[in-house]
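Subject: Structure handover

Hello,

Here is the structure for you to look through. My notes on what turned up follow below it.

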Amino acid sequence: MPALACCVDAAVSPPPPYAFAGWDSTLPAPPPTNTAVPAPAWSPAHSSLLYRVDGWGAPYFTVNCNGNVSVRPYGVNTLPHQEIDLLKVVKKASDPKNMGGLGLQLPLVVRFPDVLKNRLESLQSSFDFAIQSQGYEAHYQGVYPVKCNQDRFVVEDIVKFGSGFRFGLEAGSKPELLLAMSCLCNGSPEALLVCNGFKDVEYISLALVARKLHLNTVIVLEQEEELDTVINVSKKLGVRPVIGVRAKLRTKHSGHFGSTSGEKGKFGLTTTQILRVVKKLQQYEMLDCLQLLHFHIGSQIPSTALLADGVGEAAQIYCELVRLGAFMRVIDIGGGLGIDYDGSKSQDSDVSVAYSLQEYASAVVEAVRLVCDRKGVKHPVMCSESGRAIVSHHSILVFEAVSTSSHDSPQVSALGLQYFGELLTDDALTDYRNLSAAAIHGEYDTCLLYAEQLKQRCIEQFKEGSLGMEQLAAVDGLCELVSKAIGVSDPVRTYHVNLSIFTSIPDLWGIGQLFPIIPIHRLDEKPGVRGILSDLTCDSDGKIDKFIGGESSLPLHELEGNGGLDGDCPAYYLGMFLGGAYEEALGGVHNLFGGPSVVRVSQSDGPHSFAVTRAVPGPSCGDVLRVMQHEPELMFQTLKHRIEEFADDGGSSIMALTNGLACSFNNMPYLAAAASCSLTAAAGSNGYYYCNDESFAASGDSVGAEEEQWSYCVA
């Protein structure tokens with residue numbers, strides 16, 4: 001038995017093609033090719049094509065000549081020296097402070113406000129061009145639905161960047177309304193504050209107070225019953241409201257995101273209900289308050305044909321409201337402006353759209369203009385709530401692959417197979433002999449059949465206790481060698497990533513939303529393997545095995561050493577792109593993994609390519625414990641008393657353990673390099689690393705203010 005165990009456990013190189021290690025015969029080899037054409041050297045352009053970067057990434061992401069992903073902060077107007085090497089941003093953020101970095105732990109969200117600004121300007125210019133070219137006699141002014149990403153700096157940036165063209169905000173809850181009210185105090189006085197969602201007295205009171213504060217607030221009725229509350233509260237507060245109605249259109253978006261559209265959609269009023277609203281407003285002499293029509297076909301509208309159909313129907317309702325005496329002024333087409341997650345430009349996919357920004361804007365303007373001209377109605381101000389299209393591109397999630405599961409099969413010697421065979425039952429031994437015979441004759445399908453039968457019989461023997469673990473491993477290795485020789489073995493590896501999918505990419509788990517995921521460096525090297533991604537959580541759903549392009553695995557490079565957890569080996573970084581909408585707001589704390597660290601990066605001209613204007617460490621273990629109502633301070637005191645009670649190797653050791661424990665509460669929950677562990681032995685500190693609480697607390701504030709910038713030169 002020892003000889004077989006040694007054979008199974010030995011680390012050997014894989015067998016040559018079609019050869020069964022340790023066998024006295026080989027499978028017939030395929031005939032040699034007559035001519036060999038050398039493959040061209042792999043280049044960044046090959047990687048760009050492989051990962052479809054020019055499809056989903058244009059015009060903001062590209063692969064540079066160094067094989068790294070570059071960010072083009074101004075889209076097509078970005079000059080070569082303005083491109084930002086994403087790997088250099090990540091290295092600067094994650095390198096230790098004593099090496100000139102910020103010392104942030106991954107996963108990491110990198111925000112590019114310049115991209116956000118460019119998205120806003122592109123949307124506005126697309127509508128401006130459509131309006132001018134079609135002779136439309138009103139203007140466009142959009143609003144950002146803050147539910148897409150409520151981060152303070154994202155919302156404040158949108159208000160600041162959009163103030164020149166009256167860009168406003170949309171709220172769907174009371175805290176979102178408070179947020180929008182505060183931010184719009186610094187925006188354009190003409191910017192719209194659109195109040196959507198279900199409303200109670202307090203919500204409506206807040207909206208009317210906002211109007212009293214000279215914010216251009218519109219209360220959109222989602223339910224007919226809300227009108228009574230609006231009328232009553234407006235009288236009590238002495239504020240004349242501006243009212244909108246959300247219409248349930250007959251036009252229906254049939255894709256995954258179209259469930260809120262159609263007559264049976266979650267939100268909005270039917271034509272019958274709208275007529276009752278008009279009648280009641282007439283009774284209260286408030287019909288002049290009705291000024292906005294809102295509708296929503298659904299997110300990710302796939303084609304301009306569907307868009308034009310829905311907008312045309314809504315424009316008919318708008319014109320009818322004008323005919324009925326309402327003082328209509330604005331048509332709000334809601335969300336639905338999609339982005340191309342997979343680069344396919346397809347209208348038949350939930351993760352793509354078959355139009356550009358300009359084509360979208362032109363379709364909307366034309367649909368409204370044609371109906372209004374036919375009805376002789378003055379062209380309304382056009383508004384949209386395009387959240388996904390505004391914020392998705394500006395944010396990138398970067399994470400590490402820390403290890404990989406390989407399936408290298410052991411070589412089994414002839415002597416080992418002999419010992420192995422002596423333990424088999426008669427049926428299993430027959431399968432083994434049949435397998436050998438089929439291999440000799442090149443009967444590949446038969447080989448697989450007998451290999452599977454042999455494996456199942458050995459599993460049964462193992463369960464009965466008549467076969468040891470070494471022998472079971474030997475048959476696994478033998479069957480894998482058969483599969484590899486025939487060419488049907490599964491070459492896909494599992495890459496373990498330092499990430500919680502439930503926290504950072506919840507839409508992928510919840511609704512199967514696909515995002516582009518690619519390595520952000522080594523793109524001048526040809527990927528050698530294919531892999532799926534498995535996260536840190538103790539949950540079988542914590543994996544990514546579906547990728548854009550209908551792929552079930554991702555081309556990846558071999559890890560060098562133990563990935564990013566080995567201080568002597570370079571890390572392998574992956575990036576998830578186009579995830580700036582919804583993911584951060586939806587993420588939870590499954591397995592108590594909190595959110596990522598965040599850096600805010602702006603383009604910097606001159607000799608430097610970028611400047612970090614803000615860096616925030618991700619939530620610590622203590623932070624996520626507080627989310628679940630635990631009290632880390634009390635937990636620490638309990639454990640500290642336990643240390644004092646049971647530690648028996650001196651006061652310095654007790655102090656070191658206590659210090660290390662405190663650091664564990666202050667560190668992020670994600671995997672970290674061994675050198676950063678506060679509880680393992682380290683030279684020069686009585687066997688333990690001592691946490692400097694002051695430096696840790698300061699790390700989150702080191703570049704927290706706009707004026708405290710550092711820049712980094714792109715070589």
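A residue counts as buried when its relative accessible area is under 20%, and as exposed when that value is over 50%. Keep those cut-offs in mind for what follows. Note also that this is a predicted model.

Salt bridges

The structure holds 29 salt bridges.

Start with D157 and R600. Their side chains meet in a salt bridge, 2.6 Å from N to O. D157 sits in helix α6 (residues 152-162) and R600 in strand β20 (residues 597-603), so this pair ties together parts 443 residues apart in sequence. Are the two partners buried or exposed? D157 has a relative accessible area of 6%, so D157 is buried. R600 comes out at 9% relative accessibility, so R600 counts as buried too.

Next, E224 and R276. Here the side chains form a salt bridge at 2.8 Å, N to O. E224 is in the loop between β8 (216-221) and α9 (226-237), while R276 is in helix α10 (residues 271-283). The two are 52 residues apart, and the pair links distant parts of the chain. R276 is partly exposed, with a relative accessible area of 44%.

Then R72 and E83. Their side chains also meet in a salt bridge, at 3.5 Å from N to O. Both R72 and E83 lie in the loop between β2 (69-71) and β3 (84-85), 11 residues apart.

Finally, the network. Salt bridges link R111, D151 and E584.

Two buried loop residues

H393 is found in the loop between α13 (387-391) and β13 (395-405). Its relative accessibility is 5%, so H393 counts as buried. What does H393 touch, leaving aside neighbours within four places in sequence? The contacts are Y60, F61, V115, R119, I339 and L578.

N498 lies in the loop between β14 (492-497) and α18 (501-504). The relative accessibility of N498 is 0%, so this residue counts as buried. Which backbone oxygen does the side chain of N498 reach? That of L671, at 2.8 Å. Leaving aside neighbours within four places in sequence, the contacts of N498 include L106, P107, F399, E400 and V402. L536, Y670 and L671 are also in contact with N498.

Best wishes

Methods. Residues numbered from 1 in each chain as written. Predicted model: local features only at pLDDT ≥ 70, side-chain atom pairs only at ≥ 80, totals over all residues. Heavy atoms only, no water. Salt bridge = Lys/Arg side-chain N within 4 Å of Asp/Glu carboxyl O. Helix = DSSP H or I, 4+ residues; strand = E, 2+ residues; numbered from the N terminus. Buried < 20%, exposed > 50% of the residue type's maximum accessible area, 1.4 Å probe, protein only. Contact = heavy atoms within 4.5 Å. Polar contact = N/O pair within 3.5 Å; in protein donor to acceptor, adjacent residues only side chain to side chain.
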